[in-house]
Amino acid sequence: MLETVNLTKTYKDKKAVDGIDIYLDKGESVGLLGPNGAGKSTTISMISSLLKPTSGDVRLNGESKIKDPSEIRRVLGVVPQEIALYEELSAYENLKFFGKIYKVKKDVLENRMQEVLEMVGLKERQKELVKTFSGGMKRRVNIAAALLHQPEILILDEPTVGIDPQSRNHILETVRKLNEEHGTTILYTSHYMEEVEQLCNRVYIMDHGKIVASGSKNELLSILSSEDTIQVQLSKTSDAIIEKVKGMEHVRRVDETSDGIRIISKKGSNILSDLVHVIENENSQISHFQVEIPSLEDVFLHLTGKTLRD
Amino acid sequence: MYPVFMAQWMKDKRKPLTILLFIGLSILATVIFGDNTQYSQTTVAVFSTESNAQEIEEKWVELLNEDSHIEFVITDEEKARSDVSEGRREVAILLMERDYRLITASDMPNIQLVEQEVQKVFTKEARLEAVTSIEDTSELREEVDDYMENPPIKVETQSLTGGEIPQHNMGMQLLFTFTLFVAMFTIGFKVNGINSDKISGIWNRLILSPVSKTSIYAGHLLYSFFVGFFQMVIVFLIFQYVMGYDIGNLQMIIVITAVYTLSTVSMAMLIAGVAKTPEKFNMIYPSIVPIIPVISGAYMPPGTISNSILQFIGNLFPLSHALDAMMSVALYDAQWNDFALPISLMLLIGVVSMGVGINMVERVKG
């Protein structure tokens, strides 16, 4: 349905987005994961035609939409990262304004407004000024404004940043319903791995403007299928311990954690006896030991060398 | 365009206090600084401290009062000085044999008018002395006066409509100045809505909608125009019909107001383009605007600013042209073609500023 081909954006000499290829099939829910500065928002801006790519293409149903983005704008609903609302107006007035801007027919608009307000759980408070709302409620109105014209594809740019758990759950539930019950295609960017795991069928992982991995959750987890992640809680951690563990056979990576170390080793390799020996030699003791089942967070860490919140 | 216009209106409808405050401010400033009765009833104390003080005082008071709407009164030095220092009078004059000094504690426009009057008399007297080469010019003065009873050539000056040329009315000038000046703030803060929308992300939402970019700009700018225009027209109507001022042909004043508003909206757009963010605009715009009437000479009698560089800079802003056109309508009963030049200049400023301003605003996103 929607795809990007070798999409690139260069600012002076710096490539913010470097030749990315992503696609969204009709009815899919796709996650775009990446740390700050990975190029997610720039990618979204290019897909939604707000920003002209330096090179590459954005295609809707196989047709390039770079020169004439009117059709792509018609089928897209974009929920920006910032609260793009008039805070001096009520939720109702904001939606009425955006409905008129999107040329929703007068006789349809009122019903449609009530529908989206119901969807985001703000029907009872529609007459209140947006400036009196909590951060979470503002974000819900922000989403509602993008739904008025019944877009086929909804792009959400980190819609749950800095909000309370209740609003967050409400937003996730709204997005899930839109995808599952209304068949809306979703492109969801987030810092929060668990949100993407919960909502998306497929995930793209971005770092430094490039797609470093993509696939379904199981496909991504299989990247780590040849490895074990071992959490070791220590009475004392030192550089010497880390260096010696790194030098052990079958160990591929060692990271320091708040209370010990995390080891990524070859799957099935028995490193425990050697590990105990190394740690005791450095006058430390193991207080807790756990072999973890890998998560997407581990995949992300493995691919980018940093956590999503870095 | 209509929804954008209406959204701005809905926002302001919730807090109309700003506009009401600006309307009140225009009227208050004019009443305080521009009441024209001040200028027709001014009495100025004069005194001398020379050894022949009485002789000097009598000589100059007679000459000063000869042809002036200001009344010069001989006063005791101590009283004249205390009146000024305690704010009862704006100015007193210390007279000397061939010179004078202004005693003042402020810099009100009225003082410049007084100085103009006094300087005119002293200059004339100095010329007469230069011609006769003696101190007593009374004989020559009488001779000239007799001669002027039946001059060989008589030049009569009339206004365009045939009547007497009206005197410059500083109160009227300040009425227009304050109204136009305060409206600059209203217009500027409305135009800044474009920068606010850009920063908040609303602009991007509008761009993604089927509404054209031209319509989005038109909605914002038209609203800024209407608010500024409405504010000025209300103030003029209050002056004309409530406070009893005669501001001339109201139709013409309204047309000049409309062109001035258009030009000021464009100027604000240019500054919005330079500032790029609402915060910077709120810093730059209120810093520039108060300088404009000063450079344009709007607080001073015509001709006070003679520096050609300042005059050039003043002419780059619409205020001086609007003031010129409004004064010609209010005081000299000017006809449409009489103020075509200032109208054209304001339109030119408007077109250039709008073109450059929109271009600069559009460059924000790179």
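Tutor: Start with A:Gln114. Is this residue buried or exposed? A:Gln114 has a relative accessible area of 17%. The cut-off for buried is under 20%, so A:Gln114 counts as buried. Keep in mind that this is a predicted model.

Now place the residue. A:Gln114 sits in helix α4 of chain A, which covers residues 106–119. Which residues does A:Gln114 touch, leaving out those up to four places away in sequence? They are A:Tyr92, A:Lys123 and A:Gln126.

Look at A:Tyr92 for a moment. A:Glu93 forms a salt bridge with B:Arg14. The closest N and O atoms of that pair are 2.9 Å apart. Side chains of opposite charge can pair when their charged atoms come close.

That takes us to the interface of the two chains. How many salt bridges cross between chain A and chain B? The count is 1.

Which elements of chain A supply the touching side? β7 (76–79), α3 (91–101) and α5 (135–147) each give at least two residues. Helix α3 gives the most, with 5 residues. By class, this side of chain A has 16 nonpolar, 4 polar and 6 charged residues.

Next, the extent of the contact. It takes in 26 residues of chain A and 21 residues of chain B. Together the two chains bury about 2200 Å². Carbon and sulfur atoms account for 67% of that area. On the chain A side, A:Leu50, A:Tyr86 and A:Ile101 supply 28% of the buried area, more than any other three residues.

Go back inside chain A. Its domain assignment gives domain 1 (2–221) and domain 2 (226–293). The C-alpha centres of these two domains are 41 Å apart. There is also a salt bridge in chain A to look at. It joins the side chains of A:Lys40 and A:Glu158, with N and O 3.3 Å apart. A:Lys40 lies in helix α1 (residues 40–47), while A:Glu158 lies in the loop between β8 (153–157) and α6 (165–180). The pair therefore ties together parts that are 118 residues apart in sequence. Both A:Lys40 and A:Glu158 are buried.

How many salt bridges does the structure hold over all chains? The total is 27. Chain B has some to compare. B:Arg88 and B:Glu86 meet at 2.7 Å, N to O. B:Arg88 has a relative accessibility of 53%, so it counts as exposed. B:Glu86 is exposed too, with a relative accessible area of 53%.

Another pair is B:Asp99 and B:Arg101, with their closest N and O atoms 3.1 Å apart. B:Asp99 is partly exposed, at 33% relative accessibility. B:Arg101 is also partly exposed, at 43%. Some salt bridges share partners: B:Lys79, B:Asp83, B:Glu86, B:Arg88 and B:Arg89 are joined into one network.

Last, the domains of chain B. Domain 1 is made of 2–36 and 169–365, and domain 2 is 42–135. Their C-alpha centres lie 41 Å apart. Their contact takes 7 residues from domain 1 and 5 residues from domain 2. About 420 Å² is buried between them, with 71% of it from carbon and sulfur atoms. B:Phe33, B:Met170 and B:Pro301 supply 61% of what domain 1 buries there, more than any other three residues.

How many salt bridges link these two domains of chain B? The count is 0. On the domain 1 side, the touching residues are 6 nonpolar, 1 polar and no charged.

Methods:
Residues are numbered from 1 along each chain as its sequence is written. Chains are lettered from A and ligands numbered from 1 in the order in which they are written. This is a predicted model: local features need pLDDT of at least 70, side-chain atom pairs count only at pLDDT 80 or more; totals for chains, interfaces and linings use all residues. Side-chain values use heavy atoms; hydrogens and water are left out. Domain bounds come from an automatic or database domain assignment. Contact means heavy atoms within 4.5 Å. Buried area is the accessible area (1.4 Å probe) that two parts lose on being put together, summed over both. A salt bridge is a side-chain nitrogen of Lys or Arg within 4 Å of a carboxyl oxygen of Asp or Glu. Ala, Val, Leu, Ile, Met, Phe, Trp, Tyr, Cys and Pro count as nonpolar, Asp, Glu, Lys and Arg as charged, and the others, Gly among them, as polar. Helices (H or I, at least four residues) and strands (E, at least two) are DSSP runs, numbered from the N terminus. Buried means under 20% relative accessible area, exposed over 50%, partly exposed in between (1.4 Å probe, protein chains only).
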